[in-house]
Amino acid sequence: MGKWKICCGVTAILFIIVAVVFVILTFTLFKPKDPKITPQSVTLESIDLVVFPVIKGNVSLGLVVTVDNPNYGGFKYMNSTAYVNYRGNLVAEAPIESDSIPARAKHNISTTVIVFADKLATDPNFPTDFLSGVLNFTSSTILHGKVRVLNLLKLKASSSSGCNISILVQTESVDSVCKSKIRL
Ligand SMILES: *[C@@H]1O[C@H](CO)[C@@H](O)[C@H](O)[C@H]1NC(C)=O
Ligand SMILES: *[C@@H]1O[C@H](CO)[C@@H](O)[C@H](O)[C@H]1NC(C)=O
Ligand SMILES: *[C@@H]1O[C@H](CO)[C@@H](O)[C@H](O)[C@H]1NC(C)=O
Ligand SMILES: *[C@@H]1O[C@H](CO)[C@@H](O)[C@H](O)[C@H]1NC(C)=O
Ligand SMILES: *[C@@H]1O[C@H](CO)[C@@H](O)[C@H](O)[C@H]1NC(C)=O
């Protein structure tokens, strides 16, 4: 009878220790964190805009972002979209196909966004901006996905990044300032 009690007591204590360690790890080391998106570069792939006699043409921007998954589990993201805004209005978007990033790995995603002139033409400031030689855009990339922790739990994670982009029309060049965390 005494041996049984000791045995069960030890087993119970071990069980509690294992459970506590598991819970602590789940909430610390294995706690799912949002992957970080760092914009790497914005390139002007082509610019072909005419404002007279009619506004036509297009601008093509290449966006490269690095996604850093800090988790001890894979991050699987859904089909997503990169957006480009001009003076606060959405003027172009490009799809980003769903993919997964292994545990503690980095991954580059590149996409091309084409802005068509008719979208810009709806903004009355466009001709003035064009003639001033600088067109300002903002871009944003948001990924929604799930992180798998300890091969058991799937938790939602999302990540965002954004850039302020200035296109210099005369020199056909681009300046950009980017941030990894943005609020929309
Ligand atoms: C962009 O504009 C150029 C010149 O107007 C044209 O040749 C090209 O086909 C356009 N690109 C797209 C994707 O429409
Ligand atoms: C994601 O996009 C690809 C290609 O555009 C498509 O084939 C696939 O069905 C999409 N997946 C979902 C879940 O929408
Ligand atoms: C992603 O792109 C950046 C900049 O172009 C480069 O330094 C980095 O090595 C690339 N990372 C991967 C995982 O390809
Ligand atoms: C465009 O962005 C540049 C750099 O952020 C700024 O100096 C300039 O005033 C902006 N122009 C317009 C028309 O918003
Ligand atoms: C873009 O510019 C706006 C206004 O100047 C500023 O509030 C925002 O933080 C900038 N975003 C980035 C990514 O630099």
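Reply: A salt bridge is counted here when a side-chain nitrogen of Lys or Arg lies within 4 Å of a carboxyl oxygen of Asp or Glu. By that rule, the interface of domain 1 and domain 2 has 0 salt bridges. The model is predicted, and side-chain atom pairs count only at pLDDT 80 or more. On the side of domain 1 that touches domain 2, the classes are 3 nonpolar, 1 polar and 1 charged residues.

As for the parts themselves, the domain assignment places residues 1-31 of the protein chain in domain 1 and residues 35-183 in domain 2. Between them, 5 residues from domain 1 and 6 residues from domain 2 take part in the contact. The C-alpha centres of domain 1 and domain 2 are 49 Å apart.

The size of an interface is often stated as the accessible area lost when the parts come together. For domain 1 and domain 2 the buried area is about 490 Å², and carbon and sulfur atoms give 80% of that area. On the domain 1 side, the residues that lose the most area to domain 2 are Phe22, Leu29 and Phe30, which together make up 77% of what that side buries.

The largest cavity holds about 50 Å³ of space. Its lining includes Pro39, Val42, Leu63, Val64, Val65 and Cys163, along with Ser139, Ser140 and Thr141.

How values were computed: Residues numbered from 1 in each chain as written. Chains lettered and ligands numbered in written order. Predicted model: local features only at pLDDT ≥ 70, side-chain atom pairs only at ≥ 80, totals over all residues. Heavy atoms only, no water. Domains from an automatic or database assignment. Contact = heavy atoms within 4.5 Å. Buried area = accessible area lost by both parts, 1.4 Å probe. Nonpolar A, V, L, I, M, F, W, Y, C, P; charged D, E, K, R; others polar. 1 Å grid on protein atoms, 1.4 Å probe; cavity = no way out; pocket = protein on both sides within 12 Å on 5 of 7 lines; lining within 4 Å. Points joined across faces, edges and corners; volume = space filled by probe spheres on them.
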